[in-house]
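Here's a quick briefing to go with the model on your screen. Skim the lead, then pick whichever topic you need.

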Amino acid sequence: MAAATRTKAIYRSTVGAKAVMAVSGLLLLLFLVAHMVGNLKIFFGADSFDNYAHWLRTIGYPVVPHVWYLWIQRGVLTAAVIGHAWAATTLALRAKRARPVAYAHRPKVQGSYAARTMRWGGVIILLFIVWHLLDLTAGTVNPVGDAAHPYANVVADFAPSRWPVTLFYALAIVAIGFHVRHGLFSALRTLGQRTAKGERRARVAALAFAILLSAGFLVVPFAVLVGWVGPA
């Protein structure tokens with residue numbers, strides 16, 4: 001009983017919320033990197049991309065049935081997204097309660113652009129996740145929607161005539177880039193990069209990583225849009 005009480009106290013504490021934020025953020029970041037690398041296989045052709053997509057459905061087999069890995073992954077990622085959102089909201093509300101009256105000498109808008117856009121960026125990302133699942137996972141809103149031909153789904157999705165979809169995808173990826181940049185910089189500062197030189201290095205590292213990640217995602221729809229990647 002005492003152990004359960006202590007666990008609940010840690011969970012409800014600021015330290016607990018920060019731990020949830022860190023662990024969930026790391027899980028989501030690892031997924032983004034793996035997902036981005038997998039997406040780039042589209043440049044090796046339809047067979048390579050389709051084989052990769054089908055391989056994902058067989059991970060863990062025969063220990064677990066086909067497709068179970070993907071459902072386990074989706075469950076973990078859903079928990080990570082919920083945990084991340086809960087931790088971010090909890091920490092923001094606690095910070096606001098800790099300083100209910102703004103300092104008179106401080107301007108209304110402070111912090112980096114990324115920090116100020118985390119809220120609306122999170123909303124865009126959430127909407128994008130829902131659309132992405134309906135589009136390239138369930139195939140409900142995809143022009144092809146054939147699970148057996150993922151390459152064709154992607155090519156049809158980002159066709160020039162569907163430029164609003166591509167624009168929304170690009171906007172969401174930019175929001176994710178800002179989110180990753182801000183989160184990674186905060187994590188590096190927490191790990192001890194608090195000197196002026198250390199903060200500069202942390203900013204550069206976080207920005208470079210966010211740009212590379214965003215570019216890795218954006219190059220696929222752009223390649224389809226301009227015809228570098230086309231129907232098989």
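Of the protein's 232 residues, 29% count as buried, where buried means under 20% relative accessible area, exposed means over 50%, and partly exposed is in between (1.4 Å probe, protein chains only). This is a predicted model, so local features need pLDDT of at least 70 and side-chain atom pairs count only at pLDDT 80 or more, while totals for chains, interfaces and linings use all residues. Residues are numbered from 1 along each chain as its sequence is written, and side-chain values use heavy atoms, with hydrogens and water left out.

**Fold**

- The protein has nine helices and zero strands, with helices (H or I, at least four residues) and strands (E, at least two) taken as DSSP runs numbered from the N terminus.
- Read from the N terminus, the elements go α-α-α-α-α-α-α-α-α.

**How α2 packs**

- Helix α2 (residues 14-39) and helix α4 (residues 68-98) have axes that come within 8 Å and cross at roughly 140 degrees. That makes α2 oblique to α4; under 35 degrees counts as roughly parallel, over 145 as roughly antiparallel, 65 to 115 as roughly perpendicular, and the rest as oblique.
- The axes here are lines fitted to C-alpha atoms, for helices over the stretch in contact, and angles run from 0 to 180 degrees between N-to-C directions.
- The axes of α2 and α9 come within 9 Å and cross at roughly 40 degrees.
- Val37 sits in helix α2 and counts as partly exposed, at 48% relative accessibility.
- The C-alpha atoms of Val37 and Gly216 are separated by 7.5 Å, with the two residues 179 apart along the chain.

**The nonpolar patch**

- Trp163, Leu167, Phe222, Leu225, Val226 and Trp228 make a nonpolar surface patch of about 670 Å². Two elements, α8 (163-190) and α9 (196-226), each give two or more residues to this patch.
- α9 supplies the largest share, with three residues.
- Patch rules: members have over 30% relative accessible area and no salt bridge, with like charges joined within 9 Å and nonpolar side chains (Val, Leu, Ile, Met, Phe, Trp, Tyr) within 5 Å. Areas come from the Shrake-Rupley method with a 1.4 Å probe, and for residues only the protein chains shown count as cover.
- Trp163 belongs to helix α8 and counts as exposed, because its relative accessible area is 53%.

**The salt bridge**

- Side chains of opposite charge can pair when their charged atoms come close.
- The count here is one salt bridge, meaning a side-chain nitrogen of Lys or Arg within 4 Å of a carboxyl oxygen of Asp or Glu.
- Arg162 pairs with Asp157, the closest N and O atoms being 2.7 Å apart. Both Arg162 and Asp157 are buried.

- Most residues other than glycine have a negative phi, and most peptide bonds are trans.
- The peptide bond from Tyr61 to Pro62 is cis, with omega near 10 degrees, and Pro62 lies in the loop between α3 (46-56) and α4.
- Val67 isn't a glycine, yet has a positive phi of about 75 degrees. Val67 lies in the loop between α3 and α4.
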